[in-house]
Amino acid sequence: MATISFETNGKINTDRGIKNLEKAIDEGSELMRQARTPEARAKFREMTTLSDEDWRKIREANLG
């Protein structure tokens, strides 16, 4: 069985948290780096753009 110890010296290193946050913002995650590529942006546009056929189906569903 796992146990958790709540014994600490009560000190929090805020510099470490700020540095980690700055590093994450500057470097970004692997997913964010992949999403910034032109190929990923093109795929996103393709996936989120409705074709004329999609619009027709939406109109029919709303009118029907």
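Ile 58 counts as partly exposed because its relative accessibility is 35%, a value that lies between the limits of 20% for buried and 50% for exposed. This residue belongs to helix α4, which covers residues 52-63. The model described here is predicted. Its secondary structure consists of four helices and zero strands, and two salt bridges are present in the structure.

**Overall architecture**

- Along the sequence, the elements of the chain follow the pattern α-α-α-α.
- The chain has 64 residues, of which 2% are buried.

**A nonpolar surface patch**

- Membership of a patch requires over 30% relative accessible area, and Ile 58 has 35%.

- Side chains of opposite charge can pair when their charged atoms come close.
- Glu 53 and Arg 56 form a salt bridge in which the closest N and O atoms are 2.3 Å apart.
- Glu 53 and Arg 56 are separated by about one helical turn, because they stand three residues apart in helix α4.
- Arg 56 also forms a salt bridge with Glu 60, where the closest N and O atoms are 2.4 Å apart.
- Arg 56 and Glu 60 are both located in helix α4, with a spacing of four residues, or about one turn of the helix.
- Through these contacts, Glu 53, Arg 56 and Glu 60 are linked in a network of salt bridges.

**Accessibility of the network residues**

- Glu 53 has a relative accessibility of 37% and therefore counts as partly exposed.
- Arg 56, which pairs with Glu 53 and with Glu 60, is partly exposed because its relative accessible area is 34%.
- Glu 60 is likewise partly exposed, since its relative accessible area is 46%.

Key:
Residues numbered from 1 in each chain as written. Predicted model: local features only at pLDDT ≥ 70, side-chain atom pairs only at ≥ 80, totals over all residues. Heavy atoms only, no water. Helix = DSSP H or I, 4+ residues; strand = E, 2+ residues; numbered from the N terminus. Buried < 20%, exposed > 50% of the residue type's maximum accessible area, 1.4 Å probe, protein only. Salt bridge = Lys/Arg side-chain N within 4 Å of Asp/Glu carboxyl O.
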